[in-house]
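Good morning, and thank you for the time.

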Amino acid sequence: MTDYSETTSWTSFLKSVSSFSGDLSAFTAPPFILSPVSLSEFSQYWGTYQDLFLAIAQINKHNHEAFFPQIRSVKSPNVTRMLAVLQWYLATLKCQYTSRTQGDRFEKKPLNPFLGELFVGKWENDGSKKDDTILLTEQVSHHPPVNAFSIFNEDHNIRIQGYTQIKSSFSKTLKLNIRQNGHAILETNGHSFLITLPALHLEGIIVARPYVELEDSSYIQSSDGMIWKIDYSGKGYFSGQKNSFSAYLYKNTAAMEKRDKPLFTVSGQWSGVSTITDGNKEVLFSDVSKYKPHSLRVKPISEQHCLESRKAWDDVARAIELGDMKLISQTKSKLENEQRQLRKKEEAGNTPWQNRWFEKIDIIEEQIQPDLNGNTYNKLVALSKMAGLSTKNIQSGQKLGSREHRKCNTALHWAFIQDKWLQEEDIKV
Ligand SMILES: CCC(=O)OC[C@H](C)CC[C@H]1O[C@H]2C[C@H]3[C@@H]4CC=C5C[C@@H](O)CC[C@]5(C)[C@H]4CC[C@]3(C)[C@H]2[C@@H]1C
């Protein structure tokens, strides 16, 4: 296991980050900390556990008791569905935040997606072609960097869409703090769920072996009224285990605010084993290592469009794999100059870049009404209202009436436009 912490490149890098706050891409980190993978690939983690994702769509009043036989007090399909959503969500956290640090690997700096960068793929499930789950991601903004995604399975009638905009800063103790604007909205068979994005930070930077730790709380608000509140903690938080959490299911937000007794409490490690209170017993709820991750099928680079991530970054990725700093900066500058030329041309011709499959929705100006039967953005307004959460452009999961909510007066969000995908002619999955 290589120890980079004593290398001059890492110590000088640490000196440079201590005055850092702002856009991660403003950094030239040493080659060993650069990842050949673009950040536009990270939205795939929402779909990696296909079995758990599709199970949410399969629950109904006839079969719901079969899903958590070990939990005696589950009586309704809605509660079963909320448990299945949490089980899938916990598995996505393991993917999102630990899949790159298995074994002796450590977190690296992903490539910073260019405006319009696309990453598409599919999970081939057993059934018909229509049973494939499709992943579409698009870098809808470069300043600030925003990645939007849509994952859908037609046969199972389940889809999730959302976007994330990360803001980063280094603390005095060289912890890299990451806050996310954005959200995810899951919809299936008339039920919808608003999922807020957790805050995180990177530990282990001093010793050049960074890994992610989640912090604070996030929420999952169901259109059925119930809400999960998930509190994160880790190693060092009152000497807890790393990747720890406690999730509380309330019948609605009022019960959560009043701190009524939760319907269920699930706790443990989101990257491992967790248990659930069932009456006065603790029973196993989830062991993420038992679930089969599904790898995403991505076309070979030779068949990809020039806007597709792995094709566009191929030269840079090879240079990073060679660890050749000169070649890395040459190939990166080539791509970045091409992008700068495009922006200049658009500005000169007054032809701004057109987003491909997503468009910006102004929740405030367009006065979008809360409507659980409306389109995804009526649902965003309705679910946020149910959860008492802000829909403004602030960190995900902040309460209405919070200082950030009062200080911000914009509410611009990114919506997936299905018709734009149906009319797509150049990009194949
Ligand atoms: C100055 C920045 C720098 O180079 O620091 C080097 C650090 C040692 C590496 C920091 C990088 O660590 C990566 C972890 C990435 C997050 C992982 C998962 C997710 C979830 C996904 O749904 C949205 C994106 C997000 C939040 C990633 C954001 C970017 C992170 C923090 C990378 C850091 C740059």
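**Loops, a hairpin and enclosed spaces**

Asn243 is placed in the loop between strand S13 (227-233) and strand S14 (244-250). Strands here are DSSP runs of E of at least two residues, helices are runs of H or I of at least four residues, and both are numbered from the N terminus.

Before I continue, a word on the source: this is a predicted model, in which local features need pLDDT of at least 70 and side-chain atom pairs count only at pLDDT 80 or more, while totals for chains, interfaces and linings use all residues. Residues are numbered from 1 along each chain as its sequence is written, and side-chain values use heavy atoms, with hydrogens and water left out.

Let me return to the backbone. The phi of Asn243 is near 60°, a positive value in a residue other than glycine. Is Asn243 buried or exposed? With a relative accessibility of 3%, Asn243 counts as buried. Buried means under 20% relative accessible area, exposed means over 50%, and partly exposed lies in between, with a 1.4 Å probe and protein chains only.

Asp216 also has a positive phi in a residue other than glycine, near 55°. Asp216 sits in the loop between strand S11 (211-215) and strand S12 (217-222). The relative accessible area of Asp216 is 46%, so this residue is partly exposed.

A further backbone feature is the peptide bond from His143 to Pro144, which is cis, with omega near 0°. Where is Pro144 found? Pro144 belongs to the loop between strand S5 (133-141) and strand S6 (146-153).

S5 and S6 form a hairpin with four residues between them. These two strands run antiparallel and are joined by eight bridges; strands are said to pair if DSSP finds at least two bridges between them. Ser141 stands opposite Val146 in S6.

S5 has a further partner, strand S4 (residues 118-123), to which six bridges join it in an antiparallel arrangement. Within that pairing, Lys122 has Ile134 of S5 as its bridge partner. How many of the residues of S5 are buried? Nine of its nine residues are buried, and S5 is mostly covered.

In a regular strand the side chains alternate between the two faces of the sheet.

Ser43 comes next. Ser43 lies in the loop between S2 and helix H2 (50-58). At 5% relative accessibility, Ser43 counts as buried. Which residues does Ser43 touch, not counting those up to four places away in sequence? They are Leu135, Thr137, Asn147, Phe149 and Ile151, where contact means heavy atoms within 4.5 Å.

I turn now to the spaces in the model. On a 1 Å grid over the protein atoms alone, a cavity is a set of points where a 1.4 Å probe fits but cannot get out, whereas a pocket is an open set with protein on both sides within 12 Å along at least five of seven lines; lining residues have an atom within 4 Å of a point. Grid points are joined across faces, edges and corners, and a volume is the space filled by probe spheres set on the points.

The second largest pocket holds about 550 Å³ of space. Its lining has 26 residues, and those closest to its centre are Tyr45, Ser99, Arg100, Gln102 and Arg105. Strand S2 (34-38) and helix H3 (77-98) each supply at least two residues of this lining. By class, the lining has 10 nonpolar, seven polar and nine charged residues. Ala, Val, Leu, Ile, Met, Phe, Trp, Tyr, Cys and Pro count as nonpolar, Asp, Glu, Lys and Arg as charged, and the others, Gly among them, as polar.

How many cavities of 30 Å³ or more are there? The count comes to two.

The largest cavity has about 150 Å³ of space. Of the 19 residues that line the largest cavity, Gly182, His183, Ser390, Ser396 and Gly397 are the closest to its centre. Strand S8 (176-188), strand S9 (191-196) and helix H8 (376-387) are the elements that give two or more residues to this lining. S8 provides the largest share, three residues. The lining of the largest cavity divides into five nonpolar, 13 polar and one charged.

The second largest cavity has about 40 Å³ of space. Its lining consists of Leu34, Ser35, Lys109, Pro110, Leu111, Asn112 and Lys332. S2 and strand S3 (109-111) are the elements that give two or more residues, and S3 gives the most, with three residues.
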